[in-house]
Amino acid sequence: MYRGTHSNRKGKFDPTDEKNVEHSYVGKVWEIYEERQPELAKIPFSSLLNLERFLEIYESLPFIWRMLKDIASIPACWLYMALYLTIQLALSLIPAVQLWYAGQLLTIVGTAVEHRTVDKQLLFRVASGRIACSVIELLLSHTSTFVTGPLNTRIKQYYTTRMFAVLARLDVPTFGDPLVQRQLEQVFPTSSRQSLVWRTVVTTIRMGSTAVRMISQLSVLFSVLKNQHDGPLLALLSFSHSFLSWITGIDLSPSTRVWAATTQNDDYIKLKGLQRAIRSPAHRKEIVAGNMWEYMHSEYQRCVTVLGEDAGEFGEVFATWKQRRFPSLVSIIRRPLHELPQIVFTLRAVQYPASIPLSLASVNLITSTSQSFSGSLMQLFSHTGTISNNFSTVRKMYEGMNLQNRILDGTIPYPENHQSLQMGISIEFRNVCFQYPESNAYALKNVSFKIEKGQLCVILGENGSGKSTILKLIARIYEPQEGEILIDGQDIKTLKLADFRQATAVLFQDYTHFPLSIKENIALGDPGHSDDLDRIKQAAKLGGASEFIERLGEGYNTYLDRPVRDHYSGLGEGTTNLFGRPVPGFGRIRSMGGMKSNESTTLSGGQMQRIALSRTFMRSLASETSVGLLLFDEPSASLDPIAEHDLFERLRLLRGQKTMIFSSHRFGNLTRHADKILCMCDSIIVEEGSHDDLIRAGGDYAKLWNLQAQAFL
Ligand SMILES: Nc1ncnc2c1ncn2[C@@H]1O[C@H](COP(=O)(O)OP(=O)(O)OP(=O)(O)O)[C@@H](O)[C@H]1O
């Protein structure tokens, strides 16, 4: 199925909805379903005249107003904008001035016919006026390029910064929503040279200046011709021709309507299948061995004959169909209208032979103006298409800026006093049930437990049992559908999110490395101290990362994944290193795509994990920190036994000062010292207690522990 790309509507498109969707056949093969705009359904020819785009423009106007106010708030922008507008206005008036001079020439011809004399002074003034116009036009266009640069840059920077903020503040469920992703894709400025807003401003101003140009040209023309015999009549005839050409040209421009096309034609489908089969190497063996080519060829020929001109690609067939769909009456009238000015002129010449030179000059003037007029008219129309698209994207951009996070913020500041954090945070789950968005299975089912302040808790369980989910719910990455989570006895939803997150440090299982330097990667744990290199080094030491970082060529300034590409051209074959980075062995122009300063493969998984741990330590271990809760999802998965031992030793020292929750598959070091172990299986907690409690209970934990212990006997 071939779908239109200009979908601006919310909700679903349903081809079977006859009330809102128009069905037509495009030739023998394709069926097209076009959405009617309910507001326009009653207006005849609304789809032919593409009135949807005007409606789109109308609906987007409040957002355009907001955009203009925003632009005006950018420093110095309004000054540049005023200058740009003045230049464009002046440029759009020049054709009318030139036309006025042409009218003056007509007067000179008229006087010459009547009195057999030429007013030389007037002729000189007219000639120099026309030259001056051209020079001014050139100068203005040139000045305009000087103004557009700074304007474009300022507008682009303003909006990219705003959009960055919009993206940065979105939470996980909102950001992960495919609809939101689609919305962001459409409006988040990519690396294009011009911003959407600037493009919109330019097209709007161009449209305005085209309109000014047309109106001024028309009024000058009519004032020049009003005293000529039949002048206005000739002008009217010429312009009707332009207008009709414009009308017939309308439907060829892309539609803003939502549409979809499909085909049920067996011959066409077979034709396409045969085409594909004959080209693909995958089928060649069987075509040869099975002697299929003759059959395929004759079938292909049959399909082509049956389908005739409908055998082409959808795009071609669709374009022809659109041309034909036009009321042919318009095209019929258009032709003779084109000839009418000549006929009127001839009749007039027969009637008044003396006026021939004057009439000739008027006809010439009218024809040239009418040509430029129809050009402008076409431009105006194509601008409305672009404008309606731009306007609707601006609207979507502002709607995107208003995107609300799914996780709602609370109002109660946390903690009430920082002293209370010195002993950690208590956490309680009461009958919590949770399903991930887009999933219908429970990741947590009726989970209840309580962890006291300063306790060390380990959540154990097999893959997919729900361990990470518990940590994500505590960090309020997601919201449970049922049940309650209490933090120091208060519902987690009522606490101010930023405050609560300030009081927690999380190390996710799927931690990521930012495309920033190692220093920044660690500093992000506590952005408030990102300039404090001593603190960053201390965190790296605690995370067990300092030794290998210092061995790297660029030390803490090393980029694991360099976000900027270097460029080169025509390097000698022996150049394997450039700017301290490896160069792939090609001599032609290319950029080193996403090159890594020190390829991340030079760091092991364990080293990567140590950097992530350092980031968590950066946040949690500084003396004046306000973190009372540490959440670690498999913190030692990639660590060697010594590093794991050292890490847990360090963390155990924090017992009583911070609440710590670990998720793990492994028994041992940590579980023995845990105040509480939660054993999970299939989204529920099956056992709960300290190591000794669980061994005494003789359940699954005890069995697995003994099994593991035997392995070391
Ligand atoms: N983003 C997600 N979207 C949908 N389902 C998810 C998502 N993340 C996890 N799940 C599902 O939720 C269930 C619990 O996952 P969770 O990550 O909590 O398990 P886990 O016990 O931490 O597993 P592991 O030991 O492998 O880390 C699993 O069935 C998993 O497939």
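This is a predicted model: local features need pLDDT of at least 70, side-chain atom pairs count only at pLDDT 80 or more; totals for chains, interfaces and linings use all residues.
Residues are numbered from 1 along each chain as its sequence is written. I took local features only at pLDDT of at least 70 and side-chain atom pairs only at pLDDT 80 or more, while totals for chains, interfaces and linings use all residues.

**Whole chain.** I looked up 23 helices and 18 strands in the protein chain; these are DSSP runs numbered from the N terminus, helices being H or I of at least four residues and strands E of at least two. Of its 713 residues, 28% count as buried. I use buried for 20 or more other C-beta atoms within 10 Å of a residue's own, exposed for 12 or fewer, and partly exposed in between, with C-beta atoms placed from the backbone.

**Ligand.** I listed 14 residues around the ligand, the closest being Tyr436, Ala443, Asn463, Ser468 and Thr469. A residue is listed if its C-beta atom, placed from the backbone, lies within 6 Å. Helix α14 (residues 467-474) gives the most to this shell, with three residues.

**Helix α9.** I checked residues 281-289 and the number buried is zero of nine, so helix α9 lies largely in the open.

**Ala540.** I found Ala540 in helix α17 (residues 533-542). Ala540 counts as buried because it has 27 C-beta neighbours inside 10 Å. Leaving out residues up to four places away in sequence, Ala540 touches Ile522, Ala545, Ser546, Ile549 and Ser614; contact means C-beta atoms, placed from the backbone, within 7 Å. I also checked Cys433, 107 residues from Ala540 along the chain, and their C-alpha atoms are separated by 38 Å.

Conventions. Two residues are in contact if their C-beta atoms, placed from the backbone, lie within 7 Å.
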